[in-house]
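This report walks through one protein model, topic by topic. Please keep the sequence and the 3D view at hand while reading.

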Amino acid sequence: MFPLSGTAFPEDADELAASIRMALEEVLTFPKDSSGVTVKAPQYPAVKQLTVDSDNARVKGNELPPKPAPKGKRSPGIEVGQLEISGHPGRYEKSNVDLSLTAKNVAFDFARDKKSKPLLVLCKAGEGQVAVKVSKADMQSLALAAASLAAKEHGVTIQELDLTLQAKGRQTVIADARVKAKKMLVSGVLHIKGRLDIDDELNATISELDCQGEGIIGTMAAGVIQPRLAAVNGKKIALVAFSFGDVSLRDLKIDVKNGLNVTAHFG
């Protein structure tokens with residue numbers, strides 16, 4: 001599902017490309033040399049190819065907005081022979097998320113959200129696949145930045161963070177981080193654990209966050225960080241900025257080798 005800009009539905013290929021691009025610009029900052037959205041449609045509304053290039057685009061703000069949902073009546077929109085969406089990478093806070101989606105013979109309905117803004121809703125797909133990847137280095141960098149921010153207020157410096165990921169079942173990841181903290185000349189160790197559950201809309205829910213400390217500094221830092229963890233416990237994070245509409249994902253797989261790798265098929 002793609003949000004569209006303006007109030008009217010696009011009537012040709014150029015309007016479609018501009019409408020998707022301008023709607024995405026409300027969420028993403030594209031590089032200056034990015035083509036953004038390309039539409040090949042000599043016989044619109046039959047679209048031969050629709051490409052969304054979000055390589056090196058940066059998410060505005062601290063998190064993605066809620067995914068739009070259609071309300072009320074829908075009407076036939078466009079049919080796309082080849083759909084390609086890429087983010088190699090997409091930049092989110094201090095980390096990079098690599099996204100790749102390809103699909104053939106897909107159809108979109110025109111719809112509107114609760115504020116009457118126009119949408120493209122994915123209603124059918126012949127075949128497709130999606131892959132989302134976050135490297136271990138990026139996950140460690142993001143976790144280190146969050147821990148450092150919480151500890152800095154109390155004069156504690158977070159020096160190192162070593163993250164271990166373990167897949168549990170088909171859609172769950174257990175994270176365990178060993179953190180080295182220091183205040184003045186005294187060091188301590190923190191153990192931070194948590195769980196990540198990924199649903200069939202590629203949303204990740206954080207839960208079971210816990211922090212334990214070793215030594216005087218480790219115990220003090222754990223007391224500082226634990227309330228911050230409680231604040232994000234249960235938080236849902238969208239791994240992609242769009243919805244799959246009426247189409248269900250299948251064969252969702254998680255691989256934690258060298259980071260978090262999620263793949264799925266649809267259609």
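## Salt bridges

A salt bridge is a side-chain nitrogen of Lys or Arg within 4 Å of a carboxyl oxygen of Asp or Glu. Side chains of opposite charge can pair when their charged atoms come close. The structure is a predicted model, in which local features need pLDDT of at least 70 and side-chain atom pairs count only at pLDDT 80 or more, while totals for chains, interfaces and linings use all residues. Residues are numbered from 1 along each chain as its sequence is written, and side-chain values use heavy atoms, with hydrogens and water left out.

The model contains six salt bridges. One of them joins Arg74 and Asp246, with 2.5 Å from N to O. Arg74 sits in strand S6 and Asp246 in the loop between strand S13 (236–238) and S14, so this pair links distant parts of the chain, 172 residues apart. Helices (H or I, at least four residues) and strands (E, at least two) are DSSP runs, numbered from the N terminus. Arg74 counts as partly exposed at 33% relative accessibility, and Asp246 counts as partly exposed at 43%. The terms are set by relative accessible area: buried means under 20%, exposed over 50%, and partly exposed in between (1.4 Å probe, protein chains only).

Another salt bridge is formed by Arg250 and Asp251, with 2.9 Å from N to O. Arg250 is partly exposed at 38% relative accessibility, and Asp251 is partly exposed at 42%. Salt bridges that share partners also join Arg74, Asp109 and Asp246 into one network. In a further pair, Arg195 and Asp197, the closest N and O atoms are 2.8 Å apart. Arg195 has 23% relative accessibility and counts as partly exposed; Asp197, at 22%, is partly exposed.

## Overall layout

How many helices and strands does the protein have? Its secondary structure comes to three helices and 15 strands. The C-alpha trace spans about 70 × 35 × 35 Å along its principal axes. Of the 267 residues, 43% count as buried.

## Aromatic pairs

A pair of aromatic rings is described by the distance of the centres and the angle of the planes. Rings of Phe, Tyr and Trp (its six-membered ring) pair if their centres lie within 6.5 Å; planes under 30 degrees apart count as stacked, over 60 as edge-to-face and the rest as tilted. The structure holds five aromatic pairs. In one of them, the ring centres of Phe9 and Phe110 are 4.6 Å apart and the planes are at 20 degrees, so the pair is stacked. Phe9 lies in the loop between strand S1 (2–3) and helix H1 (13–24), and Phe110 in strand S7, so the pair ties together parts that are 101 residues apart in sequence. Phe9 is partly exposed at 24% relative accessible area, whereas Phe110 is buried at 10%.

Phe242 and Phe244 form an edge-to-face pair, because their ring centres are 5.6 Å apart and their planes are at 70 degrees. Phe242 is buried at 9% relative accessibility, and Phe244 is buried at 1%. Both belong to one aromatic cluster, formed by Phe2, Phe108, Phe242, Phe244 and Phe266.

## Charged surface patches

Patches are made of residues with over 30% relative accessible area and no salt bridge: like charges are joined within 9 Å, and nonpolar side chains (Val, Leu, Ile, Met, Phe, Trp, Tyr) within 5 Å. Lys and Arg count as positive and Asp and Glu as negative; His and the chain ends are not counted. The place of a charge is taken as NZ of Lys, CZ of Arg, CG of Asp or CD of Glu. Accessible areas come from the Shrake-Rupley method with a 1.4 Å probe, and for residues only the protein chains shown count as cover.

Lys71, Lys114, Lys115 and Lys117 make up a positive surface patch. Lys115 is in the loop between strand S7 (95–112) and strand S8 (118–135) and is exposed at 64% relative accessibility. Glu11, Asp12, Asp14 and Glu15 form a negative surface patch. Asp14 belongs to helix H1 and is exposed at 65% relative accessibility.

## Backbone details

Which peptide bonds are cis? The bond from Tyr44 to Pro45 is cis, with omega near 15 degrees, and so is the bond from His88 to Pro89, with omega near -10 degrees. Pro45 lies in the loop between strand S3 (37–40) and strand S4 (46–53), while Pro89 is in strand S6 (residues 71–92).

Leu202 is not a glycine, yet has a positive phi of about 60 degrees. Leu202 is buried, at 1% relative accessibility. Asp251, in strand S14 (residues 249–255), has a positive phi of about 55 degrees and is not a glycine either.
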